[in-house]
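Good morning, everyone, and thank you for making time for this.

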Amino acid sequence: MATSALLLTAGAGRLSRSTTVVMGATSGHHIFRLKGYSQAKELANGRYMTLGSFHVGGHSWSLQFYPNGECSDYKDHISFYLSRDRNLSCSGMPARFKLSFLGQDGQAVPTYSRTTKTGSFNKTEFGIGKFMEREEFEKSPCLEDDSFAIRCDISVASKEEEPATTAKDLAGDPTPAAAAAYFLPKSDLQKDLAELLWSKQGADVTIEVGGETFHAHKWLLAARSSPEFREKFFGPATQKKTSAATHIHIQIDDMEPEAFKSLLHFMYTDTLPKIDDEEALTRMVTGLLAAAGRYKLEKLMTMCEEILCERVDMSTVEASLVLCEQHHCPELKAACMEFLAAPENLKAIAAEDGLLQRMNKSCHTVLMEIFMKKLVEKEAAEAAPKL
């Protein structure tokens with residue numbers, strides 16, 4: 001049975017899940033961080049919590065953590081299993097992955113790393129039941145301040161087909177023949193398109209945003225755009241011909257230059273720019289979420305929502321609720337409601353001078369939903385028969 005990985009830390013009430021994603025065409029890695037291990041290990045043998053999900057190779061993957069082992073044979077171990085999206089056909093997806101606990105320096109610790117052989121991801125999970133003994137893990141330097149970080153590297157085959165290895169628990173690297181059968185060299189497409197964007201070679205569109213000028217390629221923007229975005233770029237109201245008959249000049253007045261720069265990066269590479277500074281990342285994603293909602297760019301909106309969901313805390317919940325009111329953000333709304341539903345967080349917000357009044361004014365709908373939910377729970381508890 002699954003259990004939510006969104007545990008609350010003491011004090012600030014920040015959601016415990018934090019992730020970083022680096023992606024390639026057929027491979028990528030994802031870093032999960034969990035705060036509150038002592039709470040997680042209260043789960044019984046055979047029960048797991050989903051640490052989060054990420055996208056690689058056109059598929060969604062989620063990592064499941066069993067603090068007391070996946071089955072009775074592994075009850076003295078910690079287990080990790082990876083599963084892919086369930087809405088696909090049941091044919092096997094050849095892939096292999098490596099799990100590595102990170103040390104305090106943020107680097108993978110070889111002693112606490114495990115690699116699977118090539119396995120078939122279909123309707124079942126694929127992973128490592130005896131990752132390491134629980135007692136050994138709790139004494140290791142990988143567990144610090146009741147928290148740990150683990151990195152998942154995954155390589156995905158170019159097509160769905162059943163590999164020779166289908167066992168659920170495997171360890172060790174695949175043989176060279178098996179690797180050659182299922183894995184192609186890493187694609188340079190994203191890198192090549194990014195270089196095409198910033199080199200301006202062959203650009204036939206200039207876009208003015210907030211006093212800054214950007215150069216792009218009409219064919220790529222047209223191919224990547226939603227109908228709304230295409231109309232914004234190439235509709236008659238926004239175009240004006242320059243001296244070159246084939247060149248287009250566009251002016252956008254409702255977006256910040258930095259947000260548009262990140263938007264172009266997504267259009268060309270299908271990824272977000274790498275930003276290490278938390279405030280700058282939140283600022284960028286907030287601007288992109290507004291653009292994604294306005295132009296109906298669903299994938300970009302999902303990516304932005306995921307990042308913001310992982311950063312819902314006392315300092316961000318007000319701005320996040322405003323975004324929920326302005327745009328249709330079901331995942332972000334759910335994360336905010338979960339955060340606000342915690343009694344300690346509601347008390348902290350009520351104690352913050354003026355915060356509750358501002359939130360009630362700008363985020364009335366979400367707060368009303370939370371109030372009604374609490375009222376229903378209270379009435380149900382009062383109506384329940386006393387034992």
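Predicted model: local features only at pLDDT ≥ 70, side-chain atom pairs only at ≥ 80, totals over all residues.

Let me begin with N68, which touches K41, L43, A44, N45, Y74, K75, H77 and R134, leaving aside residues up to four places away in sequence, where contact means heavy atoms within 4.5 Å. Residues are numbered from 1 along each chain as its sequence is written, and side-chain values use heavy atoms, with hydrogens and water left out.

Where does N68 lie? You will find N68 in the loop between strand 5 (59–66) and strand 6 (77–84), strands being DSSP runs of E with at least two residues, numbered from the N terminus. N68 is buried, with a relative accessible area of 12%, because buried means under 20%, exposed over 50%, and partly exposed in between, using a 1.4 Å probe and protein chains only.

The side chain of N68 reaches the backbone oxygen of K41 at 2.8 Å, and it also makes a polar contact of 3.3 Å with the side chain of R134. A polar contact is a pair of N or O atoms within 3.5 Å; within protein, one must be able to donate a hydrogen and the other to accept it, and residues adjacent in sequence count only if both atoms are side-chain atoms.

Turning now to R151, this residue is found in strand 11, residues 147–156, and is partly exposed at 26% relative accessible area. The side chains of R151 and H29 are joined by a polar contact of 3.0 Å.

Methods. Helix = DSSP H or I, 4+ residues; strand = E, 2+ residues; numbered from the N terminus.
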